[in-house]
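Biologist: Before we discuss the terms used for helix packing and pockets, could you put the sequence and the structure on the screen?

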Amino acid sequence: MMPNPMLPELNDFLGCATPQAWIDLALRKQDVMLIDHANCEKKAAGTAFQLMFRYVDKPDLQNKMSRLAREELRHFEQVLSIIRKRGIELRNVGSSRYAAGLRAFVRNAEPHRLIDTLVIGAFIEARSCERFASLVPYLDEELSRFYHGLLKSEARHFQDYLKLAYLYGDSADIEAAVERFRVKERELVESPDDGFYFHSGVPAAS
């Protein structure tokens, strides 16, 4: 699949586009996609809160993460509204390997731990935005309009994470971290995945 032309900056940042096989499965499993999307919004807010509690001495981080958490929770409420409107039963769909697969490579010592965490945040937001854009042409009018409306905020979250990384870290170290996580992120996106989630890889079986 060709990179989405709507997102040139994200396309340059990410190591690959979402495979068409994932899009095809997402369209067949829209109930699971929406439930896991809601879970992702909650997790994104939770990550922002964790950073706020862990790095209380960084006012720029405190401010950006506070705003990001509120916006992610608002998105959760919007997805929940769509789920209810469509009569989808809320249930536990488990967790994908994606975020854990990235966080397994976070360095322990500071400031590298913070830098790696912020770079991972940028990749998660960038991939979310790229997947919204990839799905938009295939969805019904309501969901297409909603996902298109999320693109701007998700792209801003991606930028916020990267800006914070450059604020608190060394440029060469950040660029090296981006390259490391780009390789791992691409592997997670393009390799076979037994489960289906908003950030899962190529479906091993559909």
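Biologist: What is the handedness of the crossing of α3 and α7?

Modeller: In this predicted model, the crossing of α3 and α7 is left-handed, a term used where the near helix is turned anticlockwise from the far one by less than a right angle. The contact is made by Q30, M33, L34, H37, E41, T47 and L51 on the α3 side, and by L143, F146, Y147, L150, E154 and Y161 on the α7 side. By class, this contact has 8 nonpolar, 3 polar and 2 charged residues.

Biologist: Why is α3 called roughly parallel to α7?

Modeller: Helix α3, residues 30–54, and helix α7, residues 141–168, pack at an angle of about 25°, with their axes 14 Å apart. Angles under 35 degrees count as roughly parallel, and the value of about 25° therefore makes α3 roughly parallel to α7.

Biologist: Which residues lie nearest the centre of the largest pocket?

Modeller: C40, K43, A44, I124 and H199 lie nearest the centre of the largest pocket, which is lined by 23 residues and has a volume of about 370 Å³. The elements that give two or more residues to this lining are α3, α5, α6 and α7, and the largest share, 7 residues, comes from α3. By class, the lining has 9 nonpolar, 7 polar and 7 charged residues.

Biologist: Which element gives the largest share of the lining of the second largest pocket?

Modeller: For the second largest pocket, with a volume of about 180 Å³, the largest share of the lining, 5 residues, comes from α6, while the elements that give two or more residues are α3 and α6. The lining includes T47, Q50, L51 and R54, as well as R113, T117, I120, G121 and I124, and by class it has 4 nonpolar, 4 polar and 3 charged residues.

Technical notes
Residues are numbered from 1 along each chain as its sequence is written. This is a predicted model: local features need pLDDT of at least 70, side-chain atom pairs count only at pLDDT 80 or more; totals for chains, interfaces and linings use all residues. Side-chain values use heavy atoms; hydrogens and water are left out. Axes are lines fitted to C-alpha atoms, for helices over the stretch in contact, and angles run from 0 to 180 degrees between N-to-C directions. Helices (H or I, at least four residues) and strands (E, at least two) are DSSP runs, numbered from the N terminus. Angles under 35 degrees count as roughly parallel, over 145 as roughly antiparallel, 65 to 115 as roughly perpendicular and the rest as oblique. Contact means heavy atoms within 4.5 Å. Ala, Val, Leu, Ile, Met, Phe, Trp, Tyr, Cys and Pro count as nonpolar, Asp, Glu, Lys and Arg as charged, and the others, Gly among them, as polar. On a 1 Å grid over the protein atoms alone, a cavity is a set of points where a 1.4 Å probe fits but cannot get out, and a pocket is an open set with protein on both sides within 12 Å along at least five of seven lines; lining residues have an atom within 4 Å of a point. Grid points are joined across faces, edges and corners, and a volume is the space filled by probe spheres set on the points.
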